[in-house]
Amino acid sequence: MSSSELRDYLQNYDGPEIRIMEVCGTHTHEIFRQGIRNFLSPKINLISGPGCPVCVTPASYIDEAIYLALEKNVTITSFGDLIRVPGTSSSLQKARAEGAKVKVVYSPIDGEKYAKEHPDEQVVFLSVGFETTTPSDVIAVRNAIRDGIGNFSILTANKTMPGAYEAMADSTDCYLYPGHVHAIIGTGICKDLQKRGVSGVIAGFTGEELLTALAIAVRKHSEGGPFYVNAYPRVVTDEGSPAAVKLVDEFTRPCDAMWRGIGMIPGSGVELKEEYSSYDARKKFDIPVLEKEYKTACRCGDVLQGKIRPTGCPLFGKACNPDHPVGACMVSDEGACSAFYTYGGSL
Amino acid sequence: MSDCITLAHGSGGRKTNELIAGLFKKHLGNSYFTADDAAVLPRPEGKIAMSTDGFIVSPWKYPGGNIGRLSVCGTVNDLACMGAKPLYLTCSYVIEEGLPISDLEEIAKAMGETAREAGVHIVAGDTKVAGKGQVDKIFITTAGVGVIEDGIETSGRLARPGDSIIVTGDVGRHGTAILLSRDEYGIEADVTSDCAPLWHPVSKALEVCPGMHVIRDATRGGVGTVLYEIAAEADVGIKVRRQDIPVADEVRGVTGLLGLEPLYLACEGRMVMMCPSDKAQAVVDVLSGCKYTEGAKIIGEVTEDNKGKVVMVTEVGGMTFLPQPGNELLPRIC
């Protein structure tokens, strides 16, 4: 079907109602950029799920990074988005104003490179992300071992998707699976979930690919029964990328992970194996458990679970906006609240 | 002459005169160019337009131009936006001590060539030298005077619902070229700045459409910022079609990689025009035949609804608001 046929189908759909959760921040952003929400039939409800790594990074993680920077005089290297995420009482941006050394890099490998060039500094890379970014975090550690770099380590908050799929299954009728995650891990998990009654379509990232995936989801849903379709076969194969999976398995092991706004999901994270603990900043610097209560009226958690739209949060567009984000969903371009705010909601 | 600019070159004495006679006059000289305190000029017929602009771009030289060419184009194009034929320019330099004279020569040469191309006379100038570290190599301010033909009136507040919106070429080139020439991202791509003097194509457009409502050069904030400015000034809505907005493949590649919106990247040789829709194709046709505006296209129209907003019709036929310009993307772009 052409774009306009797909659009007509999605606009005029009058079958059973469907909730579709996109589990990828890039999908969220592109859906807004393409104005897709503005023409969907009212029977189709899109939910922006927990697929933006910045949005699900807990406040306590930011506290740990600030602790390293201010108490241990560590140089923090990080992707730019994370700098503005609020911790329980501060952000790395504010810490920088207080003298913390915080450097924005575009890749974990640049963090390792910085450590190599600054042997008199202890350098920590903030390792957040999903299956798509974990391989490059691991490569940074591998490079550090290869180069004999002792002043580099990573603070892990890496997450894996399968646990989240299980945990959020009640919030949606169908997942729009993130194409790039499945390009790494393959499609086995999607088939397993289908057997357990959880439906989903693997989607690509262009406007037309998104419309195709949405149309498939809607059509299959109206036909009834759990389903799974790979609508991104030009990139996603059943086996994924065994080399990337092997690399990650060699250096990391599964762990429980805290998802901001959602809570603890068992087995949904990875951390460095014991033998690489000298590259694990949490162990290397013996970070104490920083449990401060995070009090806020922010309802990012409810947004991530599709219980409310961003505009249903009392802070949205008032106390919380992209210049002064309260919740993490407002920080990243890929967060649901930021996308709602930036693209002005419905036309 | 010594090889570098020293504080003595800004003293107003012998060294300054050496610079004026040996370098500026050579490249910028014309019959009106003066070493006196002010240029004395024939009075033009018609309404006068006057404008000034400062240039602090870093780096001063980039693919497709340098601060000299930019400083002429910037002011000439500001005048052209008001429908004014540029006549005279003045230029004021603040130069950092230690700048190689060969660099200054390259800049002055570009200014002279661009001024001749634009048909404008540089009539007076000033040179100051600041100590090392007090400026970054060179800052230039130009001021210009132009004359407006009777019957021409352009302004952002004149946009009317139903007007067609034209952009005179592909967008985002200058910003992308500067970004790449800073070499902060480790990206290599063949992007040149669009920096160009546009009075000639503008005059041709005004010939076929004297009732042109708006002409605005899309500099610092790019085409997107211009569209929002005009939506607010004229209290109208603006609708543009993503697929009709020209973006060079190499610019699309770089901006895609960095997550930047080409509509918010600076241009230095692109105008946004708004005119009655029955004249739009004639304007595009005449622009297509002019140097620097070969890629002119109609990208959308002015609307009654969505006042103050810019609506984008997307690749898949969806509609969304163009995000409002946000924080400073890149400092020191022009």
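Predicted model: local features only at pLDDT ≥ 70, side-chain atom pairs only at ≥ 80, totals over all residues.

Student: Fine. How many helices and strands does chain B have?
Tutor: Chain B has 8 helices and 13 strands.

Student: What share of chain B is buried?
Tutor: Of its 334 residues, 49% count as buried. As for contacts in chain B with a separation of 6 or more, 86% come from residues 24 or more positions apart.

Student: What about confidence in chain B?
Tutor: Mean pLDDT is 93 for chain B, with 98% of its residues at 70 or more. For the model, ipTM is 0.78 and pTM is 0.85.

Student: Pick a residue. Where does B:Leu87 sit?
Tutor: In strand β4 of chain B, residues 84-96.

Student: Buried or exposed, and why, for B:Leu87?
Tutor: B:Leu87 is buried, because 20 other C-beta atoms lie within 10 Å. The cut-off for buried is 20 or more.

Student: Which residues does B:Leu87 touch?
Tutor: Leaving out residues up to four places away in sequence, B:Leu87 touches B:Pro44, B:Val120, B:His121, B:Val145, B:Gly146 and B:Val147. B:Thr219 is 132 residues from B:Leu87 along the chain, and their C-alpha atoms are separated by 21 Å.

Student: Switch to the interface. How many residues of chain A are in contact with chain B?
Tutor: 18 residues of chain A are in contact with 11 residues of chain B.

Student: Which helices of chain A supply at least two residues each to that side?
Tutor: α1 (3-12), α2 (25-33) and α10 (207-223) of chain A do. By class, the side of chain A that touches chain B has 6 nonpolar, 8 polar and 4 charged residues.

Student: What domains does chain A have?
Tutor: The domain assignment gives domain 1 (1-298) and domain 2 (300-342). The C-alpha centres of these two domains of chain A lie 17 Å apart. In contact are 28 residues of domain 1 and 21 residues of domain 2.

Student: Which elements of domain 1 give two or more residues to the side touching domain 2?
Tutor: β1 (18-22), α2 and β2 (44-48) of chain A. The largest share, 5 residues, comes from α2(A). That side of domain 1 divides into 13 nonpolar, 11 polar and 4 charged residues.

Student: Last topic: α6 of chain A. What does it reach, end to end?
Tutor: Helix α6(A), residues 134-147, has 14 residues and reaches 20 Å from its first C-alpha to its last. That is close to the 20 Å expected at 1.5 Å a residue.

Student: Which of its residues are buried?
Tutor: In α6(A), the buried residues are A:Thr134, A:Pro135, A:Asp137, A:Val138, A:Ala140, A:Val141 and A:Ala144.

Student: And what covers the buried residues of α6(A)?
Tutor: The cover includes α5 (108-117), β5 (123-129), β6 (152-159), α11 (242-251), β10 (252-259) and β11 (263-272) of chain A.

Student: What follows α6(A)?
Tutor: A:Gly148 follows α6(A), with a positive phi near 65°.

Methods
Residues numbered from 1 in each chain as written. Chains lettered and ligands numbered in written order. Contact = placed C-beta atoms within 7 Å. Helix = DSSP H or I, 4+ residues; strand = E, 2+ residues; numbered from the N terminus. Nonpolar A, V, L, I, M, F, W, Y, C, P; charged D, E, K, R; others polar. Buried ≥ 20, exposed ≤ 12 C-beta atoms within 10 Å, placed from the backbone. Expected span 1.5 Å × (residues − 1). Domains from an automatic or database assignment. pLDDT = per-residue confidence, 0-100.
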